[in-house]
Amino acid sequence: MTTIDPDTVKVILATDCGSTTTKAILIQFVDGQYRQTHRGEAPTSVEEPFADVTIGVINAVTEVAELADRKLVDADGRIIQPAKGNAGCDLYISTSSAGGGLQMLVAGVVRQMTAESAKRAALGAGAIVMDVIASNDERRPHDQIQRIRELRPDMILISGGTDGGTTTHVVQIAELIAPAKPQPRFGSDYRMPIIYAGNAKAASLIEDVFDDTVDLAIVENLRPVLERENLGPARDKIHDVFLEHVMAHAPGYDKLMSWVDAPIMPTPGAVGNILQTIAERQSINAVGVDIGGATTDVFSVFGGTFNRTVSANLGMSYSISNVCAEATMPNILRWVHFDMDERELRNRVKNKMIRPTTIPQTIEALVFEQAVAREALRLAYQQHKEFATTLKGVQQQRTVGDTFSQQTGGQTIVDSMKLDLIVGSGGVLSHAPRMHQTALMLIDAFQPEGITRLAKDSIFMMPHLGVLAQVHPKAAMEVFDRDCLIYLGTCVASVGPAKAGRTSFEYAITGDTLNESGEMCWGDLKLLALGQQETARITLTPARGVDVGGGPGKRVEQTVHGGTVGLVLDARGRPLVLGDAPEVERWVNALDLYPQMAAMV
Amino acid sequence: MATAYTPGLTVTARTTHRVRRLLPISGDVLVKKGDTVASQDIVAETFMPGDITPVNIANILSLPPGDVAECMLKKEGDPVEAGEPIARTKGIFGLFKNTCTARVGGTLESISSVTGQVMIRGEPEPVSVRAYLSGDVMTVLPDEGVEIETDVSFVQGIFGVGGETYGRIVMACESHEQELTAELIKPVMKECIIVGGARMTGSAIERAREIGASAIVSGGMDDEDLRDFLGYDLGVAITGSEDVGITLIITEGFGDIAMAARTFKLLGSRAGADASVNGATQIRAGVMRPEILIPLTAEGRAKSPKSAPSDGQLVPGRPVRIIRDPYFGVLGTVGALPSEPQVLDSGSKARVLEVKLDSGDSVIIPRANVELIEG
């Protein structure tokens, strides 16, 4: 990889090799700023009969080249570098989640402490965690060994013990893994990479446990003391091993690695990077979600702390049947404002599962699919909240003042009232026919409280920008601000003792295009027009005991931003309790979600 | 894109089919290149290392881990039997000795002075691989397995449960639109591949299992019946390893749906022939669909010409199946292929095609919602 001089970079090409589709974008320096100008996509070619990821890459890049009228691929099928006139690019970067992404097995001593920290490190690096083995995970040792033998992870992360503490337990964990001889997913000539990030004192003992059938790497302890996590070194090592071993054994990746100007990152790792950068730069708390066909990733940054979870079987096509099983059909149908036959729906869900690429043709099918999406997102967010917690196992010093507010470790750090921005991406959110549908899916699933901005990733560009931020932060930030996010608007939601028909809060809005005042009763949902680039000043006066962001009963005055949908005032209460179908229909109509349905009536 | 790539399921009277049969770990291949094998012949075998059972001697005998080694009655590599003493404390003046016995038999693999734990590895377990398809051994992959090839009638299903099985093709329904009910399943169908028409009912599945049928192939089934059959709600379509006593394959989808007439006719033409069937389905990366393979005799080969492999392209006149409501399961042929995306009833914009139905009507369908009928 060559050294990059950011000032000379005028044309950037970025690809994301997903499980099914490879997406390419072109970023160009236009009128003194970086803009995303063209995009193309092609089926990913990791599987047989192609078995070479670069075929999909070249196809996607060729589509971009045709659209941009710029030659990007030479006669030998290589990306042209550097840019010269109307050909080539100065920088080429890529992310990858093809072939199922990075799959890891994680082990620690105590499930709620070191094992959980190890899981956080793996997830943060963009991995799918296949299982977590811990001394106290309630499985018998031989069951744990059997499980390790069955799995075929790309790598294993072992943690356990604080530095200088007892070595026995972490060695015991290693002694379970060593004889199990876990087999890697790719290639029989591949030695299973194992990263040890536990008690430093036990490192040499761990080396003794494993023979040369594994490739052992030792890094700094990811939990050197109970009060602090040190996930950076383990995450970096995971990325290194991902490149050196996993990618190198995936079909065609050796070629792709020789083309890129920055290390290939796992797609979710790159998304996490950009979300962290944005949250830090704007000093906000943010949640990002990517709902795919098989899995749903949730990312959050609260108070500067980053967390990521993967809900492995919550998705809109391959896993749609699992969403219905986990959420249950009554929970899905509560979002549907007309009658549907449950037996027929169950069959339709299974038909979507076995033919995952089909799309809803009728409005009824769309409403149902968006109802499933609400439940998939709700469950994924719930799992995320349960995982994104303060450190468990930390001793707390208490004073008399804490008597009535005793908090233990392990409290979620996801606070919906402090959430400033929700970014949605993934087919069902990005390709909804109306952005109003996207906005209400996000509001219903995440139930933000107080004042929260809503956005969607226009063409799922965040992975590309996550890698770009590593090598050219200026370009990444400029494209993120101007082309990546489409702001849908702002949601204002009240929390408090809901009483049907009683006032929840009063509002007064002043701005260039929006001047309105009124009151919201519990159960009301209202949409006010406030366009993109427009802002307004809102004053919220909550009823007694009701919180709209300033605390119970406290008035709030703040600037709110518009978007393609506008300003949504939500007095339906939190947690959202759904009424009967007519009430849901009232909400649907308040946001004019399905105008063609109203026309049919 | 000038053309649309929409591969479908293969249904063909004759194709050359090759299967790769591999051991999970290295072992012995029992056949050689050029051999003719029957579907249930064993072509390769090996031994999987036995299960590992840890025994924490330090905890059991209340010893410091470092003292475990000197209390061991067995050393690394020694065989042990279940119930046999493997460690004993020295006791006090030779009295009050505590003994630790092996819970399982096997070989003592390791003794740890750090944790005081020993590992006993159980007896190796034999693993064998059958030919699955009657045919000729084309390639031997040393220590790994073989590739077997023959000409077959080949039907791909859309979804199945249960793994590889074998049997004679027997037709239970008279038409592709007839529902497969329990009354149509007879004891004589034991160890057979029962072919139904439309939906297989829950009671038909039960009846087939009772009489010991190998598999059922039919047009559709209800999700509810699948749930009752499996005992759980299937969340993700990765199947094949269920131990359910019978393999089920549906050719069209879930619900009341008739088997494509062409598929029914083909299976009917092969009634009485021996088939290999696999219900394994995987719809994530590396798509795997269930299959029915019916090897052809020399006479059959002469009668059935080989069909050309499909290029997967949507071209006017080609037969397609609509795979999403409101026309789910309807068959027709490709009509016009407008290049500009159109707005659907759902409000989404998508590229569409015109499908000419057998009734003479035409419907507009998103291209994503059809699949080619191949073969």
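Visitor: What should the 13 residues of helix 11 of chain A span, and how far apart are its end C-alpha atoms?
Guide: At 1.5 Å a residue, helix 11 of chain A, which runs over residues 342-354, should span 18 Å, and its end C-alpha atoms are 19 Å apart, so the two figures agree. Please keep in mind that this is a predicted model.

Visitor: Is that helix mostly covered or mostly uncovered?
Guide: Helix 11 of chain A is mostly covered, since 10 of its 13 residues are buried.

Visitor: Which residues are the buried ones in helix 11 of chain A?
Guide: They are Leu345(A), Arg346(A), Asn347(A), Arg348(A), Val349(A), Lys350(A), Asn351(A), Lys352(A), Met353(A) and Ile354(A).

Visitor: And what do those buried residues of helix 11 pack against?
Guide: In chain A they pack against helix 9 (320-327) and helix 12 (363-387), while in chain B their partners are strand 14 (159-161), helix 4 and strand 19.

Visitor: Let's step back to chain A. How many helices and strands are in it?
Guide: Chain A holds 18 helices and 22 strands. Its radius of gyration is 25 Å, close to the 25 Å that the globule rule gives for 601 residues, so chain A is as compact as a globular protein of that length. Along the principal axes, its C-alpha atoms fill a box of roughly 70 × 70 × 55 Å, and 55% of its 601 residues count as buried.

Visitor: What about chain B, what is its radius of gyration?
Guide: Chain B has a radius of gyration of 28 Å, whereas a compact globule of 375 residues would have one near 21 Å. The box filled by its C-alpha atoms is roughly 100 × 55 × 45 Å along the principal axes. Chain B has 6 helices and 28 strands, and 43% of its 375 residues count as buried.

Visitor: How is chain B divided into domains?
Guide: Chain B is divided into domain 1 (9-16 + 148-303), domain 2 (52-121) and domain 3 (319-374). The centres of domain 2 and domain 3 of chain B, taken over C-alpha atoms, are separated by 70 Å.

Visitor: And what are the domains of chain A?
Guide: Chain A is divided into domain 1 (6-98), domain 2 (101-259) and domain 3 (286-310 + 412-600). Between the centres of domain 2 and domain 3 of chain A, taken over C-alpha atoms, there are 38 Å.

Visitor: How many residues of domain 2 of chain A are in contact with domain 3 of chain A?
Guide: In chain A, 4 residues of domain 2 are in contact with 5 residues of domain 3. The largest share of the domain 2 side, 3 residues, comes from helix 2 (residues 114-124) of chain A. The residues on that side of domain 2 divide into 2 nonpolar, 1 polar and 1 charged.

Visitor: Now the core. Which residues touch the most other members of the largest nonpolar core?
Guide: That core has 285 residues, and Ala122(A) and Leu157(A) touch the most other members. Helix 12 of chain A provides the largest share of this core, 13 residues.

Visitor: What is Leu157(A) in contact with?
Guide: Leaving aside neighbours within four places in sequence, Leu157(A) is in contact with Met104(A), Val106(A), Ala118(A), Ala121(A), Ala122(A), Ile195(A), Ala197(A), Ala234(A) and Ile238(A).

Visitor: What does Glu63(A) touch, not counting residues up to four places away in sequence?
Guide: On that count, Glu63(A) touches Gly40(A), Glu41(A) and Ala42(A). The C-alpha atom of Ile173(A), 110 residues apart from Glu63(A) along the chain, is separated from that of Glu63(A) by 50 Å.

Terms used
Residues are numbered from 1 along each chain as its sequence is written. Chains are lettered from A and ligands numbered from 1 in the order in which they are written. This is a predicted model: local features need pLDDT of at least 70, side-chain atom pairs count only at pLDDT 80 or more; totals for chains, interfaces and linings use all residues. Helices (H or I, at least four residues) and strands (E, at least two) are DSSP runs, numbered from the N terminus. The radius of gyration is taken over C-alpha atoms; the globule rule is 2.2 Å times the number of residues to the power 0.38. A residue is buried if 20 or more other C-beta atoms lie within 10 Å of its own, exposed if 12 or fewer, and partly exposed in between; C-beta atoms are placed from the backbone. Domain bounds come from an automatic or database domain assignment. The expected span of a helix is 1.5 Å times one less than its number of residues. Two residues are in contact if their C-beta atoms, placed from the backbone, lie within 7 Å. A nonpolar core is a set of buried Ala, Val, Leu, Ile, Met, Phe, Trp, Tyr and Cys residues joined through C-beta atoms within 7 Å. Ala, Val, Leu, Ile, Met, Phe, Trp, Tyr, Cys and Pro count as nonpolar, Asp, Glu, Lys and Arg as charged, and the others, Gly among them, as polar.
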